[in-house]
Amino acid sequence: MHGIALLTCLLTVALMKQVSGLDPVTGKYGDTIEIPCSSGHVEETEVTLVKWKYDKDGNILVKKQNQNATFSDDVNYNNRVSIKKDFSLVITKVTMADQRTFTCMVVKDTDILEYPVQLAIYKVPSQPQITNLTTAMAIGKLTTLAQCRTEGANPAANITWFKNKTPLTTDGAAIKISTNVDVDEETRLSMTTSTLEYTAVKGDIDAKFTCQVQHIRSANMDSSPLVFTVNYPTEKVNLQVLSQGPFKEGDNVTLKCTADGNPPPSSYNFYINGEKKTVDSSTYTLTNVTRANTGDYKCSLVENEEIVASVPITVEYLDVVLSTTGKIVKKLGESFEMTLDVKASGVAQTSWKKGNVKLNSLPKFDKLTYSHSGVYECVVSSAGLKKTETFELVVEGSPVIKNLIKERGEGMTKVLKCVTEGSPKPTVQWSVNGTSVETAYEHGKVTYSITILPKGNLTVSCTVSNDLGSDIKSINVSALVEDVTMDKQDQKDEYSDQTALAVGIVVGLILAALAIGLAYWLYTKKYRQGSWKTGEKEDGSAEESKKLEENQSQKADV
């Protein structure tokens, strides 16, 4: 009996054939997967029995021809497996425990075939999580910045650190990256943790650090950017003037001291006029500055006064002084000179004007006239400053009537005009009644006019006066219309008489010269006759003849 059993067992082993394994099947953690039995190599009508098992001894189910499947009591797959018509094994809610070799054993006719399939389970890792985050890093000091973690992955995820999108690698000195992979005993899923230690430089100010999770079954996942405060000592300070210049006396000037260190100092030393002032602020204000505040100002660190900065401040000033101001009264014909004293922090530009008329120089007159009266304005500017000084010059003189004339008016009327100069403005008094008008008083000049209707011949007087004196002139006026024409003819006759007088003087001088010449001629003729009678020579000597000619020439000139 034992021999028969042994023979039967050997025959069974001989009939069982191991078929080469099928392609591996990959499933996502938690999903339902399907494992093929023979990939279509076995016809259903040929199969008498199908058995699914895992590893070596793990039985899952048995399916006989024309019968329902019988499931084992294996706790790993109870209520989680089923078999399809093509004998494929369906497993729900796969976990890492299902990552193993499943074998489909097929019995047909006299053959026993086995189809092993390797099941691989993958799981996408979680988003990167940042822990143990620091807030600041110091230059030159290795600092643990942060820890990046991802979990629940299979296979294990990889983590890479980036700075400004450039990957970081361990160099053993300035950069150290340590990575650990831990597998959960229960879920068999991996957790990857990466710690970044970094030595900062000044260029890392505002640098963005990120960690990236990489997995073969998912796209890369980046953490939110990490920006760290970079601490470094102050190497230099800077002093600046916050107030807008140029500065003039009376202004307030605010200084600000800044340092290139981080964190910045909370207090500074300010040196004001050589005196050190320590303030718990980065600013200092000079109030109501004067020209004495012009100079260099400094600031420094409180703990290191050798780290210092300076800035020059110039307080602009402009002083303008006229030799005389206000109202200046001078007499007609006097001299006048205005002097100007200017003191300025920069180059001063000076301009003068009288009223709206620009002058080329400061007022200086050797002989004053009424036209010199007026308001003079001096404008001086320098370095953004501007000052204006004014004075009023009044030229006074007693009134003088420059002319008294008569003109024909409408009908039988006559218009008399009294042209006057004087300052203060003269008043007029006519010796007759009439309609009076006057022109505008300008530059000490004014013309008073009166319109009269004379009844006969009369003499009209114009009297002008002010506080300094008076003047009077008279003119004859006739009732005739031709009176004005005759008056003009009289003026022409006067001019003709003056011309005749001048001509007479010239003619008289010519006649006198002729008379002198004639007398000389008679004298020389008589002299020559006397010489002939005495037998003397006409000239006496050559020298006497020359002298005689010179005397005659001088007389002719006379």
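How many aromatic pairs does a search of the whole structure find? The search finds ten.

## About the model

This is a predicted model: local features need pLDDT of at least 70, side-chain atom pairs count only at pLDDT 80 or more, and totals for chains, interfaces and linings use all residues. Residues are numbered from 1 along each chain as its sequence is written, and side-chain values use heavy atoms, with hydrogens and water left out.

## Aromatic pairs

Rings of Phe, Tyr and Trp (its six-membered ring) pair if their centres lie within 6.5 Å; planes under 30 degrees apart count as stacked, over 60 as edge-to-face and the rest as tilted. Tyr77 and Phe102 have ring centres 5.8 Å apart and planes at 80°, so this pair is edge-to-face. Tyr77 sits in the loop between β6 (70-71) and β7, while Phe102 belongs to strand β9, so the pair ties together parts 25 residues apart in sequence. Strands here are DSSP runs (E, at least two residues), numbered from the N terminus. Tyr77 counts as buried at 2% relative accessibility, and Phe102 does too, at 0%; buried means under 20% relative accessible area, with a 1.4 Å probe and protein chains only.

Phe209 and Phe228 also make an edge-to-face pair, because their centres are 5.6 Å apart and their planes stand at 70°. Here Phe209 comes from strand β18 (residues 208-215) and Phe228 from the loop between β20 and β21 (229-231), 19 residues apart. Elsewhere, ring pairs link Phe336, Trp352, Phe365, Tyr376 and Phe391 into a cluster.

## The largest nonpolar core

A nonpolar core is a set of buried Ala, Val, Leu, Ile, Met, Phe, Trp, Tyr and Cys residues joined through side-chain atoms within 4.5 Å. The largest one has 28 residues, and those with the most contacts inside it include Ile91 and Phe102. Among the elements giving two or more residues are β8 (89-91) and β9 (101-108), while β10 gives the most, with five.

Let's look at Ile91. Leaving aside its neighbours within four places in sequence, Ile91 is in contact (heavy atoms within 4.5 Å) with residues including Ile35, Tyr77 and Phe102.

## A three-stranded sheet

Further along, three strands form an open antiparallel sheet in the order β41-β44-β45. Two strands pair if DSSP finds at least two bridges between them. β41 (427-430) and β45 (469-477) each have a single partner strand, so one side of each is left without a neighbour in the sheet. Four bridges join β41 to β44 (residues 458-466), and Thr427 stands opposite Ser465 in β44.

Technical notes: Buried < 20%, exposed > 50% of the residue type's maximum accessible area, 1.4 Å probe, protein only.
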